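Me: I've got a model open on my screen and I'd like to learn how to read it. Can you walk me through it, feature by feature?

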Amino acid sequence: MAFEVNDARRELTLDNRTTLLDTLRERLGLIGAKKGCDHGQCGSCTVLLDGRRVKSCLILAVTLDGRSVVTVEGLAGPDELSPLQAAFVAHDAFQCGYCTPGQICSARGMLDEVARGWPSAVTGDLTAPAELTDAEIRERMAGNLCRCAAYPHIVAAVRETATTR
């Protein structure tokens with residue numbers, strides 16, 4: 001099978017039971033996405049698949065033929081952090097850092113969803129652009145857990161990035 005990872009074409013022969021997470025970590029050496037719960041509940045393995053956020057522990061790699069994956073390693077340029085990554089650093093939006101790659105990928109996907117006009121469960125006016133209040137950001141990031149409870153800092157980093165786009 002062949003697919004794109006962080007703008008590079010990859011061709012692999014894989015066991016049909018291999019998850020995207022295991023492929024990224026064990027076959028491609030991209031260790032940003034973490035194996036937390038391995039059940040899709042914690043979000044530490046979140047990556048972008050064709051521009052949409054997914055829990056990579058739930059995706060079978062054999063379904064990726066011809067598709068595009070972006071991991072936290074692919075968000076930044078070669079010499080600098082992405083604005084979202086820089087905001088996470090500036091706002092101390094991590095403590096142990098285990099969930100941070102998944103949080104950042106989820107936030108990137110969430111900001112793209114907002115830009116496309118997708119509402120969330122707490123969006124008040126479905127006919128107007130979503131206003132990224134703290135409640136809106138929390139709802140949209142709810143699929144990503146942080147064991148250290150850095151949530152207020154994560155929300156601040158996402159809010160800052162959203163206002164500078």
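Me: Let's start with the largest nonpolar core: which residues touch the most other members?

Reply: The general idea is that in soluble globular proteins, nonpolar side chains tend to be buried together. A nonpolar core here is a set of buried Ala, Val, Leu, Ile, Met, Phe, Trp, Tyr and Cys residues joined through side-chain atoms within 4.5 Å. Buried means under 20% relative accessible area, exposed over 50% and partly exposed in between, with a 1.4 Å probe and protein chains only. The largest core has 23 residues, and Phe88, Met110, Ile137, Ile154 and Val158 touch the most other members.

Keep in mind that this is a predicted model: local features need pLDDT of at least 70 and side-chain atom pairs count only at pLDDT 80 or more, while totals for chains, interfaces and linings use all residues. Residues are numbered from 1 along each chain as its sequence is written, and side-chain values use heavy atoms, with hydrogens and water left out.

Me: Which elements give two or more residues to this core?

Reply: Those are helix 2 (83-90), helix 3 and helix 5 (151-163), and helix 3 gives the most, with six residues. Helices (H or I, at least four residues) and strands (E, at least two) are DSSP runs, numbered from the N terminus. A second, separate core of 19 residues includes Val5, Leu14, Leu21 and Ala33.

Me: And what is phenylalanine 88 in contact with?

Reply: Contact means heavy atoms within 4.5 Å. Leaving aside neighbours within four places in sequence, Phe88 contacts Ala93, Phe94, Thr100, Gln103, Ile104, Ile154, Ala157 and Val158.

Me: Now the sheet. What is the order of its strands?

Reply: Strands of a sheet pair through backbone hydrogen bonds, either parallel or antiparallel. Two strands count as paired if DSSP finds at least two bridges between them. Here you have an open sheet of five strands, ordered 2-1-5-3-4, with mixed pairing. Strand 2 (8-11) and strand 4 (52-55) are at the edges with a single partner strand each, so one side of each has no neighbour in the sheet.

Me: Is threonine 71 buried or exposed?

Reply: Threonine 71 counts as buried, because its relative accessibility is 1%. You'll find Thr71 in the loop between strand 5 and helix 2. Not counting residues up to four places away in sequence, Thr71 touches Asn6, Leu24, Leu30, Val47 and Cys105.
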